[in-house]
Every structure is written in structure tokens, then in C-alpha cells.
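Hi everyone, thanks for coming.

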Amino acid sequence: MALIMVCANAMTTTAWASSCREALWRAQPDAATPSEPVVPIVGERDLATAWRPLAERAAERSNEWGAARLLAEAAQHDLRETEAGRLPQVGLTGNLVGAGGRVDGQRRDATHTASLGVNVSGRLYDWGRLDQLAAWRRAQADSARIGSDLAREQVMLATVAAVADLSRYRAHAQVYARYAQSLDCLVASLEQIVAVDRGRGSELLQARKTRAQAELARDVAQAQVRQIGLRLEKLLGPGYETRLPQAAVTRWVPEREQVLQGVDAAPELQQLRAQAEAAERLAASIEAGRKPQFFWSVNGADAQQGETRVSNWQAGVGVSYALYTGRADESALLAALRRAQATREQLEGVLATRRAQAAELHDAATTAFERADQYALILRDSEQVRRATIQQWAQLGRRSLFDVMSAESEHFNLQVAQVNALYDGLLSTLQLQALGPGLPRWLGLQEP
């Protein structure tokens, strides 16, 4: 009798297992994830057009760019102030005085005096000092303008990079959600099996643990999405979600030689050149200022005191020359020259660094997209292995549960790796564009 009960339980367990495996196998095609990328691949112009409004809005809202623009405007006003020194300077003076008093106790009659004077002066010859000062201010204005462009580009780069990261982690969350859904089928099947066969409890425990890990990975990806969303809300303002285009990625990588040529004309290098030029012009103005400065002036005055009117004028040229300054002028000259030399040295270092970064980023972008292609090929094979493993486990019982979970884990992790490869390539391309021709040009934006 006991033998009959054991055989009956075994037959019941086998029937339950076969039934649950068949149900899981039938459910798998609906829960399966295709081997194509989770995020669609589009042309680079399509992606640039989609991202352009976001970059523009972020720049318009940026306090950093606003401050940089104000500094550029201030530098232009400094230039106009210096250039005004080329024109004659006209001054007007006037006063009105009333006077009275007593002499030996006798009151004197009050007197009133009015005077008006005009002074006109200008430079006669200064050895080019004022021209060099104007050139110094102009170079500073150029540096401030380029600094404004750099601030704008940095805001745009931060914005499009955040949008790309948001799409990346949304894709992660999507993949892990599908993985957890697939594991739900396994757990549900094993719960039915364990209900009639307690000896299979370890398999159920393993399946639940793997499902919990998939759910944790999904939650981590969703947390990343929320955090990047806070960053985008600061850049784009409340309700930014309505402005986001459909998630997409491009596989475009600019030619390496084209980027390296663009590095020489990059805004950061242009700014350093302008700063070096400014220091050299300042040194030249200081050198010219150490020489005699010639000027001319014309003065005229008219005064009325009581019934008496007095008028006079004078015109002439003058010269000013510092005989001794305690070597202050020499120190100022050397300081300006050293700053110019330091900026030139910095320029060479930055140029070499950016060229190396451009070559590195170009290789990183190319390699990342090649990895994405390799993952696509592996995913095709992985999907076939995954389906065959599930079929053999569900219909024939020739594979263990651990084989099924291993195939599932490998397949979904490969999808995440493919997503990462695509977005690693995209972010490297964006940084590469910023190093060379500039991100606003790629986005199709005009200079402000």
C-alpha cells in the first residue's frame, strides 16, 4: 500500500511539472525580448534636429551663460572707454561767488563774481601707447566673447548628455522589467511544482533570489532615471518631460582628421590665444608709456566781477615723463610679458591634450559601436540558446532550472551591454564634437 502511495505522488509531481513547463514554454514567446536594440537607431541629423530645441532652451535658462554674456558686454564697454581716449577731451568749469564783510566796523558792499572756463586737450604723440591699450581691451573683449560661447556650449553638452543618459537608464529599466517578468513565469511554475514535491524547494528559492536581483536592478535603473530627471528639470524647467523627444541613438562618428583639424580652431584655444594677445598688447602699452608723452591743450576763461569783465585764453603743448618710479614700470612690463609667455605655454599644453583626447574619444566611439554590432550578433545566438533551453526544460525535462536561469540572465545582460555600448559611443561622439568643430554647429545653431 505504501509503495502504491509513493508511486502515485511521483506520478502527480511529474504531471504537475510537465504541465507547468508546458505553460511556461507557451508563455515565453510573448515575454521574449527581440535581439534588436531596445532603443531605435536614427540618422545623426535626425537626432540633432530632435535635440536642438532642448539645447536652446537650456542655454536660455542658464545663469552661467547669462553671466558670461554680461561679462562680454562689460568688456565691450571697456574697449569703447579706451578708444574714446583718441578723441579730444572737453571740460567745462564754472562758479558763482558772493562776498561781503566789515572793515573797522563798517560794512562793505557785497560783491558777486561769476566765471566760466573751457578746457580742451588731447594726445599729440604717445608712441602708440593708446593704440596698444585699445588692442589690449579688444583682445580681452574677444576672450570674454569666446568665454560666453564656451559657457553656452557647456550647458548644451550637459543637456544632451543628460538626455542620452536618461534614455540609457530607461532602456535598462525596460530590459530588467522584462527579465523580472520572465522570471515571474519560472517562479509561478516552480511554486506549483513545490506544492506537490517539497524536494524541489531549493529550485524555487534560487528562482526567487534571481527574480529579486532582477527587480533590484530594475529599481536601480528607475532611481537613475529619477535623479537624471531632477538634473533635466533644473536645465529645462518644470514639465520638461513634455519636451523630450522619443528616445533614439545615432551611430555617427565624425572623421578623425576632420576633428583634429577642428581642434586647432576650438573655442577654448581661441580664448587662450586672445588672452596671450591681450597680455602682449598690455606689455607693449606699458613699454610705450615709459617714453615721453606729448599732449596739447587749449584753455579759455571768462569772469565777471561787479562791473568788471575779464577774459583770457591760452594754448600750448606739453610733455610728461616719469624720471623715476622705483622700477614699478619695469616690473609691470615684465609681469605682462611673463603672463603672455605663460598663456602661450598653456596654449601648447591644452592643444596637445585636446588632440590626444580627440584621438582617444574617436577610438572609444568607434570601438563602442563595434561592440554594439558584436553584441547584436551574440544576442541572436543567445536568443536561440535561450529558447532551446526553455523548450528542453519545459517539454522534455532534459535541462535543469539552473540552465534556464543562466540562459535568461545571459540574454538580458547582453541586451543591457548592447544598450551601454550604443550610448557609450554616442556620448563619446558628443564630446568629440565639442572638442573639435563645436556642439552648436552639429546641432545646427547659429552663433548668439
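Let's start inside: which residues does L236 touch, not counting residues up to four places away in sequence? They are L54, R57, A58, R61, T159, R243 and L244, where contact means heavy atoms within 4.5 Å.

Before I go on, a word on the source. This is a predicted model, where local features need pLDDT of at least 70 and side-chain atom pairs count only at pLDDT 80 or more, while totals for chains, interfaces and linings use all residues. Residues are numbered from 1 along each chain as its sequence is written, and side-chain values use heavy atoms, with hydrogens and water left out.

Okay, back to L236. It is among the residues with the most contacts inside the largest nonpolar core, alongside W51, L232, L426, L430, L439 and L443. That core has 56 residues. By nonpolar core I mean a set of buried Ala, Val, Leu, Ile, Met, Phe, Trp, Tyr and Cys residues joined through side-chain atoms within 4.5 Å. Buried is under 20% relative accessible area, exposed is over 50%, and partly exposed is in between, using a 1.4 Å probe and protein chains only. Apart from that core lies another one, of 21 residues, including A180, V194, A214 and A217. As a general point, nonpolar side chains tend to be buried together in soluble globular proteins.

Now follow L443 to R52. R52 sits in helix α2, residues 44-61; helices here are DSSP runs (H or I, at least four residues), numbered from the N terminus. The side chain of R52 reaches the backbone oxygen of L443 at 2.5 Å. Leaving aside neighbours within four places in sequence, R52 also contacts R45, G444 and L445. Is R52 buried or partly exposed? Partly exposed, because its relative accessibility is 23%. And along the chain, R52 and V160 are 108 residues apart, yet their C-alpha atoms are separated by 9.0 Å.

Compare S285, over in helix α7, residues 267-289. S285 counts as buried because its relative accessibility is 5%. A polar atom of its side chain lies 2.7 Å from the backbone oxygen of L282. Beyond its neighbours within four places in sequence, S285 is in contact with R129, Q132 and L133.

One more residue: Q222, in helix α5, residues 201-236. Q222 is partly exposed, because its relative accessibility is 34%. H172 is 50 residues away along the chain, and the two C-alpha atoms are separated by 8.4 Å.

How values were computed: Helix = DSSP H or I, 4+ residues; strand = E, 2+ residues; numbered from the N terminus. Polar contact = N/O pair within 3.5 Å; in protein donor to acceptor, adjacent residues only side chain to side chain.
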